[in-house]
Each structure stands twice: as C-alpha cells, then as structure tokens.
Amino acid sequence: CSLGFAQKPVLKFNADKKFKIVQFTDLHIVWENPNSDIAFERMNEVLDAEKPDLVVFTGDMIYSKPADQNLRKVLKTASDRKIPFAITFGNHDHEQGMTNDELFKVAEGIPYNVTVDEVPEISGTGNCALAVKSSDGSKDAAVLYCLDSNAYSSIEGVDGYDYIKFDQVDWYLNRSAEF
C-alpha cells in the first residue's frame with residue numbers, strides 16, 4: 001500500500017478494449033536546469049495528447065541532486081493528472097546521492113504509483129508484474145512485467161552496462177506461469 005493514498009489504482013482495458021501505455025525513458029532530468037524544462041514540456045504535451053491509461057518511466061529519469069525532489073517532480077507529471085504510473089531504474093538514477101531502494105521508497109509515496117517491489121530478495125529494485133483487467137473487470141487480460149536492468153556490469157573484464165540477472169529470469173518464468 002502506498003503512503004500517498006489508500007489503494008493502488010486498478011489497471012483496466014477501457015470499454016473499447018484498448019489500453020494505452022506511454023513510456024518515458026532516459027529523461028536525464030537535471031534539477032532546475034532550463035534544458036530539462038524542455039523535457040517536461042514534451043512530457044506534458046504527450047500526456048495531454050495521448051491520455052494514456054498507464055505511464056511507464058523506464059530508467060535514467062534523473063541526472064542530478066536533489067534526487068528525491070527531482071524524482072518527485074518527474075513522477076508528478078503523471079500523478080497530477082491521476083494517471084497510474086510504474087517505474088524501473090536505469091544505470092544513472094542511483095548516482096544522484098540516493099540508492100534505487102531509497103528512490104523507490106520516495107516513489108511509493110506518490111499517488112497513482114502502481115509499482116510494487118514484489119521480490120526484494122532478487123536482483124534489482126521494483127521487479128513486478130502488473131495485471132491489466134479486462135474491460136468488464138472480470139479477469140486479468142494482460143500482464144506487464146517491469147524488470148530492473150541493473151546498473152553496470154559486475155563481471156570482471158566486462159565493461160559497460162549490466163543486464164537482467166538469472167534470478168530475475170527465474171522469477172519471471174515462475175510468475176508468468178501463474179497467469
């Protein structure tokens with residue numbers, strides 16, 4: 001349960017049996033930077049035009065301190081419109097003075113966040129399955145999986161970005177079998 005409201009929104013196909021998702025990735029928002037204002041303008045334009053059922057922020061959302069305020073400002077673009085949203089982290093989010101776990105706690109307090117860290121014991125933060133109900137609400141009609149791709153390679157001699165780990169794949173295989 002989120003600190004920001006009593007109950008998470010239910011994701012559901014509309015009466016036309018459609019479910020629209022908007023994804024924002026690699027925003028690299030720098031606190032109080034005029035160049036980042038342009039990113040907010042574009043996000044607002046997209047959200048106003050598309051009127052999505054879900055917004056998914058897929059990593060590298062923030063690129064400066066104060067990390068908590070910066071993240072809140074990004075996520076409010078969806079929350080202020082009462083649009084459910086989910087988050088996954090990129091390789092830069094945790095570099096702004098807070099860990100991904102700490103940032104996840106910040107996000108938990110923002111209304112309309114549907115992300116749940118279902119399996120905190122496996123690699124990454126915020127790995128979850130988001131069920132989308134049928135238009136009549138009678139059954140799960142689709143499932144969206146959010147997986148943290150982690151930060152940088154931890155394999156000696158392998159430079160570059162990290163990857164989805166085997167424990168995350170195992171969780172996905174077991175969780176998807178439930179649906």
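Predicted model: local features only at pLDDT ≥ 70, side-chain atom pairs only at ≥ 80, totals over all residues.
User: What does Leu 11 touch, leaving out residues up to four places away in sequence?

Analyst: Contact means heavy atoms within 4.5 Å, and on that criterion the partners of Leu 11 include Phe 19, Leu 54, Pro 84, Val 114 and Leu 130. The C-alpha atoms of Leu 11 and Phe 85 are separated by 9.9 Å, although these residues are 74 residues apart along the chain.

User: Why does Asn 14 fall into another class, and which one?

Analyst: Asn 14 has 30% relative accessibility and so counts as partly exposed. Asn 14 also lies in the segment before strand 1, and its C-alpha atom is separated by 8.4 Å from that of Asp 136, 122 residues apart along the chain.

User: What makes strand 2 and strand 3 a pair, and in which sense do they run?

Analyst: Two strands pair if DSSP finds at least two bridges between them. Strand 2 (residues 54–58) and strand 3 have 4 bridges, in the parallel sense, and in strand 3 the bridge partner of Phe 57 is Ile 87. The chain crosses from strand 2 through helix 2 (residues 67–79) to strand 3, and this β-α-β crossover is right-handed. That term applies if, with the strands pointing away from the viewer, the path from the first strand over the helix to the second runs clockwise.

User: Which way do the residues of strand 3 point?

Analyst: In a regular strand the side chains alternate between the two faces of the sheet. In strand 3 (residues 85–88), Phe 85 and Ile 87 point one way, Ala 86 and Thr 88 point the other way, and all are buried.

User: What makes a set of residues a nonpolar core, and which have the most contacts inside the largest one?

Analyst: A nonpolar core is a set of buried Ala, Val, Leu, Ile, Met, Phe, Trp, Tyr and Cys residues joined through side-chain atoms within 4.5 Å. The largest has 27 residues, and those with the most contacts inside it are Phe 57, Met 61, Val 74, Leu 75 and Ile 87. Helix 2 gives the largest share of this core, 5 residues. Apart from it lies another core, of 10 residues, among them Val 56, Ala 86, Cys 128 and Cys 146.

User: Why are the buried residues of helix 4 said to line one face?

Analyst: The buried residues are Gln 168, Trp 171 and Arg 175. Seen down the axis of helix 4, they fall within an arc of 60°, so they line one face of the helix; the arc is that of the directions from the helix axis to the C-beta atoms. These buried residues pack against strand 4 (128–133) and strand 5 (140–146), while the face turned away carries the exposed residues Phe 166, Asn 174 and Ala 177.

User: What makes the backbone at Lys 51, Asp 60 and Pro 66 worth a remark?

Analyst: Most residues other than glycine have a negative phi, and most peptide bonds are trans. Lys 51 is not a glycine and has a positive phi of about 45°, and phi of Asp 60 is near 50°. Lys 51 is exposed, with a relative accessible area of 60%, whereas Asp 60 is buried, at 5%. A cis peptide bond, with omega about 0°, joins Lys 65 and Pro 66.

Conventions. Residues numbered from 1 in each chain as written. Heavy atoms only, no water. Buried < 20%, exposed > 50% of the residue type's maximum accessible area, 1.4 Å probe, protein only. Helix = DSSP H or I, 4+ residues; strand = E, 2+ residues; numbered from the N terminus.
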